[in-house]
Amino acid sequence: MSTPDVRAASDQGRIRDVVDSYLRRRGRLLELQTNETYAAIALAVATIVALIWANVGDSYHQFWQTSAAITVGPFAVDLTLHEWVDEGLMAVFFFMVGLDVRRELTLGELRLPGRALLPTAAAVGGLVVPALIYLAIMGGSDGAHAWGSVISTDTAFALGMLALVGPKRAPRLRLFLLAFAVIDDIGALAVIAVFYSESLNFVALAVAAAGLLLVWLMARRGVWRVPPYLVLAVVIWYAVYRSGVHATLAGVLIALLMPVYNVRSEDVDAAGEFAALYRQAPAPGSARMLRESLNYSMPLNQRLAFLLPPYVNFLVVPLFALANAGVALGAETIGAAISSRILWAVIGGLVAGKLIGVVLGAGLVLWLVPASRMPGLDLPRITGLGALSGMGFTISLLVANIALEDETLRDQARLGVLLASLLALVLAALVFQVTDRLCPLPEPTGMRLCRPPAPAHELTFGSMDAPHVLINYADMDDEDRWRLTEALYGLQPLIDSGEVLLILRHKLSGPESLLAALALEAVSANDEPNLWPFHDAIAELRGGITARSLTRAAREVGIDAHALWERIDSGSDEPKVLADASDVEGLTDDASPVLYIDGRRFERLLNRWTLSEEIGRLQQMSADGLEKTRD
């Protein structure tokens, strides 16, 4: 290697070290901000603070009843601090919920009818049965109208607690809870809109509808900057507030209109071109264009869904708990609450009703539609999830505040919600522990490499004696194959140093990917020296694989095309290709790659940094193990 090449490689290594160090720090901060367990702890702490504050003097209620008005010309909003939290800040919470709903319906589990059936049935059961139990306990007494307080699950609490008390080998259980929560939230929002709205102002509703229409038109026209949507969001929120419908619904309605789609390759490529221009001539203008191109490349729904959770989880929802969970716990209050129907109706609806409803709904689907069964989603685990769904904190408190005018009944309902959430958590922990002992879950399919590497018979890149082996099952017809190829070449220093061996196996989605796989095997069998340049040339076709394009790619890298097609036509390599594909059949729904590092499936983002960090982690584990052996 020449001196300039050595200098360039050294500079690139130094830059990578700086970037990796920054990403490591940023990753730790992001983990703190988005950790569901931490969010649940923040909510619990705010609840405890509210309870203590409400039982020390009278400042709690005086503070939250403080009036705070905003007036702009003829337009005015005069609310108490408590109402600003419930109708203002909680609109942001419901906006985030709406983003999740839209994304799940468009890109997630709920876009597939077969996948959506089980969580939908469980959610419907969890909406209907709690309301029936609540009404049965309440009869016709005061407070029966607040049945909506027992139908919803607090997603933030449930997800955080699932991470603590749920089974460790059931990744689909979390996905099920997310899909379940989406349906649950849709039902709860519909109930609030239909049953807990005041007399309607149709002029204000018309203004809100016109604002939503403008949002839809902007999304259709490709408006991607936030400010225009933010201005309309304020107008729509005010119109909904004036209409008599609970103002939080504005958040979810706007969110359902936010653009959401899979990231487009051409947008990412354009951002890459802007990055190259900035690198060639650094200037404020080119930096701004690069930033805008990066924002444009990511749909607005996904951008906002990444931005909002830290603020919602650690500010909005804890403030809501602080404003709503303050219940006086004096002896008289507790005695009156224990003897009241509404407390037991809330507890019965959330704890028993949610459990029974979810199990009934899911059990019927599992019985009537056997195809809905998935690994890690058996009835025992769904039973634990049904118990956990009794944590109805946020929307339960909100509905209790809306539906009940008597402050005594409100306090009793709030106390019922708090006790129910605690009982639901304890019950869920017990159910998960018992079911794990009686019928433990097997490890999820595909987490371990099903066939050990045999480097002498594989497509390899690197030293055969490398201590770490990365096996990539690749569909060469995937138009995004070039992205992972670029990430894998980022591991070149580790490969060159003999630390990593890369093995390529095949994943098939159709005749084109089979043809590309056979072409790679043929080049390897013919002992052509340019196997990996040929692989890269196929990746650069970005899914445009035909017999002609493969021939052209082979000639471009100096491969004998005639010998290539002779080997392909012989069918000699087809059994090996099909055996590779059978290893990972059903592990993904599309052409996305499957990676194993040292025999364990790697499921994080696939880029140079995440891969090198995992290799570094494994190296550290090996070093620590060696030290322990020496000691």
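A: A crossing of two helices is called left-handed if the near helix is turned anticlockwise from the far one by less than a right angle, and right-handed if it is turned clockwise. Please keep in mind as we go that this is a predicted model.

Q: OK, so which hand does the crossing of H4 and H18 have?
A: The crossing of H4 and H18 is left-handed. Helix H4 covers residues 81-106, and it packs with H18 at an angle of about 140 degrees, the two axes being 12 Å apart.

Q: And what do we call the way H4 and H18 lie to each other?
A: Angles over 145 degrees count as roughly antiparallel and 65 to 115 as roughly perpendicular, and H4 and H18 are therefore oblique to each other.

Q: Which residues make that contact?
A: From H4 the contact uses His-82, Asp-86, Met-90, Phe-93 and Phe-94, while H18 brings in Thr-394, Ile-395, Leu-398 and Asn-401. Sorted by class, the contact of H4 with H18 has five nonpolar residues, three polar ones and one charged.

Q: How does H14 sit against H18?
A: Helix H14 (residues 309-324) and helix H18 (residues 393-403) have axes that come within 11 Å and cross at roughly 45 degrees, and H14 and H18 are therefore oblique to each other. The crossing of H14 and H18 is left-handed.

Q: Who touches whom there?
A: On the H14 side the contact is made by Val-317, Phe-320, Ala-321 and Asn-324, and on the H18 side by Phe-393, Thr-394, Leu-397, Leu-398 and Asn-401. By class, the contact of H14 with H18 has six nonpolar residues and three polar ones, with no charged residues.

Q: Changing topic, what about H6 and H19?
A: Helix H6 (residues 155-165) packs with helix H19 (residues 407-438) at an angle of about 35 degrees, and their axes are 10 Å apart. H6 passes H19 in a right-handed crossing, where Met-161, Leu-162 and Val-165 in H6 meet Leu-425, Ala-429 and Phe-432 in H19. That contact has six nonpolar residues, with no polar and no charged ones.

Q: Now the sheet, please: what order do its strands come in?
A: The open sheet has five strands in the order S3-S5-S4-S6-S7, and the pairing is mixed. Strand S3 (459-461) and strand S7 (600-602) are the edge strands, each pairing on one side only, and the twist averages 25 degrees from one strand to the next.

Q: How many bridges join S4 to S5?
A: Seven bridges join strand S4 (residues 468-474) to strand S5 (residues 500-506), and these two strands run parallel. Within this part of the sheet, Ala-474 stands opposite His-506 in S5.

Q: Which helices pack on the sheet?
A: Helix H22 (residues 511-525) packs on the sheet, touching S3 and S5, and its direction makes about 130 degrees with that of S5. Helix H23 (residues 531-539) also packs on the sheet and touches S3 and S5, with a direction that makes about 100 degrees with that of S3.

Q: Last one, how is the chain divided into domains?
A: The domain assignment gives domain 1 (15-197 + 246-263 + 298-438), domain 2 (264-297) and domain 3 (455-629). The C-alpha centres of domain 2 and domain 3 lie 30 Å apart.

Conventions: Residues are numbered from 1 along each chain as its sequence is written. This is a predicted model: local features need pLDDT of at least 70, side-chain atom pairs count only at pLDDT 80 or more; totals for chains, interfaces and linings use all residues. Side-chain values use heavy atoms; hydrogens and water are left out. Axes are lines fitted to C-alpha atoms, for helices over the stretch in contact, and angles run from 0 to 180 degrees between N-to-C directions. Helices (H or I, at least four residues) and strands (E, at least two) are DSSP runs, numbered from the N terminus. Angles under 35 degrees count as roughly parallel, over 145 as roughly antiparallel, 65 to 115 as roughly perpendicular and the rest as oblique. Contact means heavy atoms within 4.5 Å. Ala, Val, Leu, Ile, Met, Phe, Trp, Tyr, Cys and Pro count as nonpolar, Asp, Glu, Lys and Arg as charged, and the others, Gly among them, as polar. Two strands pair if DSSP finds at least two bridges between them. Domain bounds come from an automatic or database domain assignment.
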